[in-house]
Amino acid sequence: MFNRRKFIQLSAVGASLTALSKSAVAKTLISPPASTPPIVISTWDFGIPANKEAWKVLEKGGRALDAVEAGVRVPEADMNNHTVGRAGYPDRDGHVTLDACIMDEFGNCGSVAAIENIAHPISVARLVMEKTPHVMLVGDGARQFALEHGFKREKLLTAESEKAWKEWLKTAKYSPVMNIENKQHAPGNKYNHDTIGMLAIDAKGNISGACTTSGMAFKLHGRVGDSPIIGAGLYVDNEVGGATSTGVGEEVIRNVGSFLVVELMRQGLSPEDACKEAVNRIIKKKPETAKNIQVGFLAINKKGEYGAYAIQQGFSFAVCNADKQDLLIKGKSFY
Ligand code: SD4
């Protein structure tokens, strides 16, 4: 049976390719940027210093998993970063609750959600992966686990974050606003960003990823976004590639975004096209909502080709490999 049906399908593809003009074919076949591993990519401009830290591990022949953990700890520690880690904006009750997850080349993964008083949720997520039979710990249990493993209990609400929260309380009527980051800072503005998602391929060709955030500013207490959810905020399949997301987590969860991107790459789509299709699904399901929110996906495949796509303008991602250390690329977008 090769079959007649298969032959007809292939002939049809051949015929339609012939029908395309030469320039159209050339356009279709342009490959995405490829890079010999090691390579690390991450979301937004704060990905540049994060990639630098990850690169220190990769250039010595270290493991991608160690690289992504070290990398995303940089914005987690940054006192000027109010969307990731210790200086993140609080929820509407004034609690700083952090979300993070990590995934390695074997498909192992670990995650913490709504963890309080711990500055580096990504490292707790890694310990959940390595020291427990579980994948995800939340809230008090996640903090208890972190404290038992020697993490320091810290007050995370900074004076600046507290001031911003109190300002918000004056007018917000105690009601969370989706994508408030976008409302305060218009799409395209350099402050219009939130989560760091990082993907790395090490010298052995193995892929790992990490994702960490303080989530939506002034959210309901207990709200968890996409970032700590394997398949939503992050997914890695060492045979295919990895993907991560940033923006309104609710829409990413609804579409299991990062898993979708990896599966689309498995079917042969380039990283950018896979990200674009995932963005299009969100827009197709909720076109009116999509007009006012940001979601961006970033992906890399096993060959080291990378790409991104977002709903709104303003999304950027950072790339670091042996050739280029501080590359910031403007992501394409629907709007
Ligand atoms: C989340 N993707 O928690 C993260 C970041 C964010 O508004 O806060 N977006 O949904």
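Helices (H or I, at least four residues) and strands (E, at least two) are taken as DSSP runs and numbered from the N terminus.

I note that this is a predicted model, in which local features need pLDDT of at least 70 and side-chain atom pairs count only at pLDDT 80 or more, while totals for chains, interfaces and linings use all residues. I number residues from 1 along each chain as its sequence is written, and side-chain values use heavy atoms, with hydrogens and water left out.

**Entry 1: salt bridges**

I looked up the pairing of Glu130 and Arg126 and found a salt bridge, with the closest N and O atoms 3.0 Å apart. The term requires a side-chain nitrogen of Lys or Arg within 4 Å of a carboxyl oxygen of Asp or Glu. Side chains of opposite charge can pair when their charged atoms come close.

For burial I use relative accessible area: under 20% is buried, over 50% is exposed, and values in between are partly exposed (1.4 Å probe, protein chains only). Arg126 is buried at 11%, whereas Glu130 is partly exposed at 41%.

I then turned to helix α3 (residues 47–59), which holds both Glu53 and Lys56, three residues apart, about one turn of the helix. These two residues form a salt bridge whose closest N and O atoms are 3.0 Å apart. Glu53 is partly exposed, with a relative accessible area of 29%, and Lys56 is partly exposed as well, at 43%.

Another pair that I recorded is Glu288 with Lys291, a salt bridge with 2.9 Å between the closest N and O atoms. Glu288 counts as exposed at 54%, while Lys291 is partly exposed at 43%. I also found one network, in which salt bridges that share partners join Asp66, Glu69, Arg126 and Glu130. The count of salt bridges comes to 19.

**Entry 2: Asp104**

Is Asp104 buried or exposed? With a relative accessibility of 2%, Asp104 counts as buried. I located Asp104 in the loop between β2 (97–103) and β3 (109–116).

The side chain of Asp104 makes a polar contact of 3.2 Å with the side chain of Arg63. A polar contact is a pair of N or O atoms within 3.5 Å; within protein, one must be able to donate a hydrogen and the other to accept it, and residues adjacent in sequence count only if both atoms are side-chain atoms. The Asp104 side chain also reaches the backbone nitrogen of Phe106, at 2.8 Å.

Leaving out residues up to four places away in sequence, I list Arg63, Leu65, Met129, Ile207, Ser208 and Val236 as touched by Asp104. Contact here means heavy atoms within 4.5 Å.

**Entry 3: the ligand shell**

How many residues surround the ligand? I find 13, the closest being Gly215, Met216, Arg223, Asp226 and Gly247.

By class, the shell has one nonpolar, eight polar and four charged residues. In this scheme Ala, Val, Leu, Ile, Met, Phe, Trp, Tyr, Cys and Pro are nonpolar, Asp, Glu, Lys and Arg are charged, and the others, Gly among them, are polar.

I looked up the approaches to ligand nitrogen atoms. From Gly247, a backbone N or O atom lies 2.6 Å from a nitrogen atom of the ligand. On its own the ligand has 280 Å² of accessible area, and the protein covers 100% of it. Accessible areas come from the Shrake-Rupley method with a 1.4 Å probe; for residues, only the protein chains shown count as cover.

**Entry 4: backbone**

Most residues other than glycine have a negative phi, and most peptide bonds are trans. I recorded a cis peptide bond from Pro37 to Pro38, with omega near 5°. Pro38 lies in the loop between α2 (22–29) and β1 (39–43).

Ala114 is not a glycine, yet its phi is positive, at about 50°. Ala114 belongs to strand β3 and is buried at 12%. Asn117 likewise has a positive phi, of about 70°, without being a glycine. I place Asn117 in the loop between β3 and α5, where it is buried at 16%.

**Entry 5: totals**

I count 12 helices and 13 strands in the protein. Of its 335 residues, 56% count as buried.

Key: A residue is near a molecule or strand if one of its heavy atoms lies within 4 Å of it.
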